[in-house]
Amino acid sequence: MNDSSWGAPAAGSGPGGPHQGPAPAGPAHDRHQAAQTRPMPIVPDVPAGGFQDGHGRGAAHQRGPLFRDEQPHEHPQEPMPSPAPPPPPSTAPAPRQKKSAGRDLGAAIGVGVGLGAVIIASLYIWPPAFVGVVAVAVVVGLWELTSRLQERKGIKAPLVPLAVGGAAMVVAGYVRGPEGAWVAMALTALAVLVWRMTEPPEGYLKDVTAGVFAAFYVPFLATFVAMLLTADDGPGRVLTFLLLTVVSDTGAYAVGWRFGKHKLAPRISPGKTREGLFGAVAFAMAAGALCMQFLIDDGSWWQGLILGLAVAASATLGDLGESMIKRDLGIKDMGTLLPGHGGIMDRLDSLLPTAPVVWLLLALFVGTG
């Protein structure tokens, strides 16, 4: 066969002319065919002394394996060191996280002391001024409630008739007693219905319903605080009402924060516990016995125990009731007016439903005079 049929000079050719040499390592390919295809090279068997390339020179010895999963015999791969075993899990108990109070206690205490000073000063210096304080708190509370209803639910309870009627309701309760409070409540509800008629009828029912609810929930319940003041020992009754509510909340917070494990109403207020309720009852009953003995004319310590128990129950229910409202609205606080407390409504939640309970029990125990 002619050498030119391999498509390359014969093996062993050089400048001195062609000469015979060993057969080429790969198969023959035409130049034109080689330009069009790229055949897979065939790995030849390697003789013991190595092999020569197409020009008669010794080919370099291959150092690596011919295939990925093949280890070369000449230079076996050193075994990889086995990874160190993972350290055994620590048996030491994790450090216990310190419980958080959940609010700025410094600001909360400062605001509480300031409000207490204003209330006590108005009670004992000029009692009608305290009625004004209650009326202002009612108006601000109505503004917070109606604002959150409109922001979160699109309910437009009319604020103007609620604010005017709410303030008038508190004054009427102080001046005319329960009859005046009921008449002012009825007129306020009527004003809400008429005021809402000045706007389109869409949403009328839900707006006036929310308005009547707000009139009952905030100013009408607050009217009982003003009616407590009309008795001869009115300042003592109001102070008893405030002290028992605050002590109940404080006892629930302190005992629940320290010992609370069993949830009281997890779907409504996850932070409240049964241990906290027990603390509220114990603190309020102790404070009730002292207040009835020293602040209420003709009061007895055993009456204070009953009063304290009732206040703990009503304050807890009031707190849960507003928690339901806030959970439905998807908010944490009703406002931000009071640092460390939230809004006015966040402080009135326990006081509002407790006011009629205290007024009724004191009327039964020692009368309304």
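**Burial and layout**

I started with burial: 36% of the 369 residues of the protein chain count as buried (under 20% relative accessible area; exposed is over 50%, partly exposed in between, with a 1.4 Å probe and protein chains only). This is a predicted model, where local features need pLDDT of at least 70 and side-chain atom pairs count only at pLDDT 80 or more, while totals for chains, interfaces and linings use all residues. Numbering runs from 1 along each chain as its sequence is written, and side-chain values use heavy atoms, with hydrogens and water left out.

Next I listed the elements. The protein chain has nine helices and two strands (DSSP runs numbered from the N terminus, H or I of at least four residues for helices, E of at least two for strands). From the N terminus I read α-α-α-α-α-α-β-β-α-α-α. I then looked at contacts (heavy atoms within 4.5 Å). Of those in the protein chain with a separation of 6 or more, 66% come from residues 24 or more positions apart.

**H3 against H4**

How do H3 and H4 pack? I get an angle of about 155° between helix H3 (residues 127–153) and helix H4 (residues 159–196), with the axes 9 Å apart. Here the axes are lines fitted to C-alpha atoms, for helices over the stretch in contact, and angles run from 0 to 180 degrees between N-to-C directions. H3 and H4 are therefore roughly antiparallel (over 145 degrees; under 35 is roughly parallel, 65 to 115 roughly perpendicular, the rest oblique). Their crossing is right-handed, a term for the near helix being turned clockwise from the far one by less than a right angle, left-handed if anticlockwise. On the H3 side the contact includes Val131, Val138, Leu142 and Trp143, and on the H4 side Leu162, Gly166, Val170 and Tyr174 are among the residues.

I stayed with leucine 162 in helix H4. Leucine 162 is buried, at a relative accessible area of 1%. Leaving out residues up to four places away in sequence, leucine 162 touches Leu142, Thr146, Ala157, Thr188, Val192, Gly211, Ala214 and Ala215. I also checked valine 212, which is 50 residues from leucine 162 along the chain; their C-alpha atoms are separated by 8.5 Å.

**Threonine 245**

Threonine 245 belongs to helix H6 (residues 234–259). Buried or exposed? I find threonine 245 buried, at 1% relative accessibility. Not counting residues up to four places away, its contacts are Val311, Ala315, Ser350, Leu351 and Thr354.

**Around H8**

Aspartate 298 is not a glycine, yet its phi is positive, about 65°. Most residues other than glycine have a negative phi. Aspartate 298 is exposed, with a relative accessible area of 72%.

H8 itself has 29 residues and reaches 42 Å from its first C-alpha to its last, close to the 42 Å expected at 1.5 Å a residue (the expected span is 1.5 Å times one less than the number of residues). Glycine 330 follows H8, and its phi is positive, near 75°.

Within H8 (residues 301–329) I picked serine 323. Serine 323 counts as buried because its relative accessibility is 10%. Setting aside neighbours within four places in sequence, I see serine 323 in contact with Ile268, Ser269 and Lys272.

**Salt bridges**

How many salt bridges does a search of the whole structure find? I count seven (a side-chain nitrogen of Lys or Arg within 4 Å of a carboxyl oxygen of Asp or Glu). I looked up three of them.

- Lysine 326 pairs with aspartate 346, the closest N and O atoms being 3.0 Å apart. This pair links distant parts of the chain, with lysine 326 in helix H8 and aspartate 346 in helix H9 (residues 344–366), 20 residues apart. Lysine 326 is buried at 12%, and aspartate 346 is buried at 2% relative accessibility.
- Arginine 237 pairs with aspartate 233, the closest N and O atoms being 2.8 Å apart. Both arginine 237 and aspartate 233 are buried.
- Aspartate 333 pairs with lysine 332, the closest N and O atoms being 4.0 Å apart. I have aspartate 333 as partly exposed at 31% relative accessibility and lysine 332 as exposed at 63%.
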